[in-house]
Amino acid sequence: MGTKHASLKLAQIHRNESQPREWFDGAELQELADSINEHGLLQPIVVRKRAAGGYEIVAGERRFRAHEIAGKITIDARIITGADGEAIDDAAAFEKAMVENINRADMLPLEEAKGFKKLVDMQGPDIEPKEAVLIVARKVSKTVPYVNARLALLGLRPEIASAVNLAHIGTQAAVQIAALSKDNQKGVFDKWKKGDLTDNQLVHIAYALRKQEKAATQQSMVDVEEMTPEQKAERTKEATKAKSALDEIERLCGLLEGIAKTDAQHLSKLLTGEVGQRLEQLDRAAKHLERARFQVRQAVAHAEASSIIVSAEAEAPDLVAEAEALVAAATKGAEVEGAEAEGAEVAAPDPATAVEPQVAEGEPESTGVAAEMAESAA
């Protein structure tokens with residue numbers, strides 16, 4: 001692939017209709033325009049020749065728009081060509097555009113998902129889906145689970161996808177929701193709209209709801225009404241045992257509180273020769289407590305899910321078919337919106353309306369939940 005630098009007139013450059021990013025923050029574009037007026041363009045945009053004449057943006061849509069806002073006439077550009085010196089094809093141009101945009105903080109989750117879907121499809125029908133995802137992950141320097149998680153978002157109902165793009169619902173919760181039937185997705189979303197669920201709770205409830213869907217499909221759940229007298233007696237015995245164990249924890253809390261209030265130096269004398277052993281004892285107890293806490297938290301999620309579930313026997317959505325339909329609808333909507341508001345700045349989401357911040361990958365609590373769920377599912 002060849003490349004050369006040039007100063008091009010803005011009038012010679014055309015926007016990329018296949019641009020992976022669909023949303024641009026108007027305030028940030030103005031800030032970038034001010035910076036360009038003050039310091040100039042620090043990184044040239046990347047363009048390719050068009051068969052119809054002029055050039056098309058491959059990477060640098062924001063910089064190009066900022067130049068327009070700044071009233072510039074020309075812009076520094078890097079023109080890329082194929083090995084033969086001719087214009088690069090659409091597939092190569094889109095791949096470079098995705099690589100350029102994928103690590104931008106303001107690229108929306110559904111924009112990434114649609115971009116990944118297009119890259120996967122571009123690998124051709126002869127490539128196995130798993131292999132295609134692996135190829136795409138390598139090209140964009142992301143992990144396979146990351147790409148798969150974004151692709152899963154294409155199975156979301158449109159209203160939920162919008163909430164994810166606005167960072168009202170975190171991506172990890174959205175992935176769990178996407179695995180549900182469309183009716184149950186709506187049930188979760190309706191409960192979330194009431195404002196009484198944190199994003200972390202949403203992760204647990206969606207996960208629990210999916211397990212209930214599977215259990216109902218496999219007919220592995222037996223309602224109390226369908227139990228024999230012997231099964232009901234056994235269930236009552238198990239319930240009594242579980243409640244007694246949790247009641248006992250209350251007594252232990254008082255004992256532990258007494259240890260916590262004891263002066264450390266005095267405690268060292270009281271436990272002479274056993275301090276290390278007693279610490280190990282508490283560490284073991286802490287691990288069991290954390291596991292028990294997770295299970296009870298999941299039980300709460302299952303209770304919530306039971307009040308939401310609409311169609312327990314419904315199959316999970318066909319993500320490929322749903323993705324294609326959603327991409328087609330989004331593309332059509334973008335064309336209509338672009339025709340109506342050509343040249344207008346896109347308003348940024350109002351942070352005041354956000355119920356919960358988006359769950360970023362690597363955030364301790366949410367990542368821990370995802371790991372626990374993966375382990376539990378395994």
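**Exercise 1. Find which helix gives the largest share of the nonpolar patch, and list the patch residues.**

Solution. 
Step 1. Helix H11 gives the largest share, 4 residues. Helices here are DSSP runs (H or I, at least four residues), numbered from the N terminus.
Step 2. The patch consists of Leu246, Ile249, Leu252, Leu255, Leu289, Val296 and Val300. Together they have about 580 Å² of accessible area. That area comes from the Shrake-Rupley method with a 1.4 Å probe; for residues, only the protein chains shown count as cover. Patch members need over 30% relative accessible area and no salt bridge; nonpolar side chains (Val, Leu, Ile, Met, Phe, Trp, Tyr) are joined within 5 Å, like charges within 9 Å.
Step 3. At least two patch residues come from each of H11 (229–261) and H13 (275–308).

The model is predicted: local features need pLDDT of at least 70, side-chain atom pairs count only at pLDDT 80 or more, and totals for chains, interfaces and linings use all residues. Residues are numbered from 1 along each chain as its sequence is written, and side-chain values use heavy atoms, with hydrogens and water left out.

**Exercise 2. Explain why helix H8 counts as largely enclosed.**

Solution. 
Step 1. H8 spans residues 171–178.
Step 2. Its buried residues are Thr171, Gln172, Ala173, Ala174, Ile177 and Ala178.
Step 3. That is 6 of 8 residues, so the rest of the structure largely encloses H8.

**Exercise 3. State how many salt bridges the structure holds, then examine the pairs of arginine 48, glutamate 304 and arginine 251.**

Solution. 
Step 1. The whole structure has 13 salt bridges. Each is a side-chain nitrogen of Lys or Arg within 4 Å of a carboxyl oxygen of Asp or Glu.
Step 2. Arginine 48 pairs with glutamate 56; their closest N and O atoms are 2.7 Å apart. Arginine 48 is buried at 9%. Glutamate 56 is buried at 11%.
Step 3. Glutamate 304 meets lysine 191 at 3.1 Å, N to O. This pair links distant parts of the chain, H13 and H9 (residues 182–193), 113 residues apart. Glutamate 304 is partly exposed at 25%, whereas lysine 191 is buried at 15%.
Step 4. Arginine 251 pairs with glutamate 248 at 2.8 Å between the closest N and O atoms. They sit 3 residues apart in H11, so about one helical turn separates them.

Technical notes:
Buried < 20%, exposed > 50% of the residue type's maximum accessible area, 1.4 Å probe, protein only.
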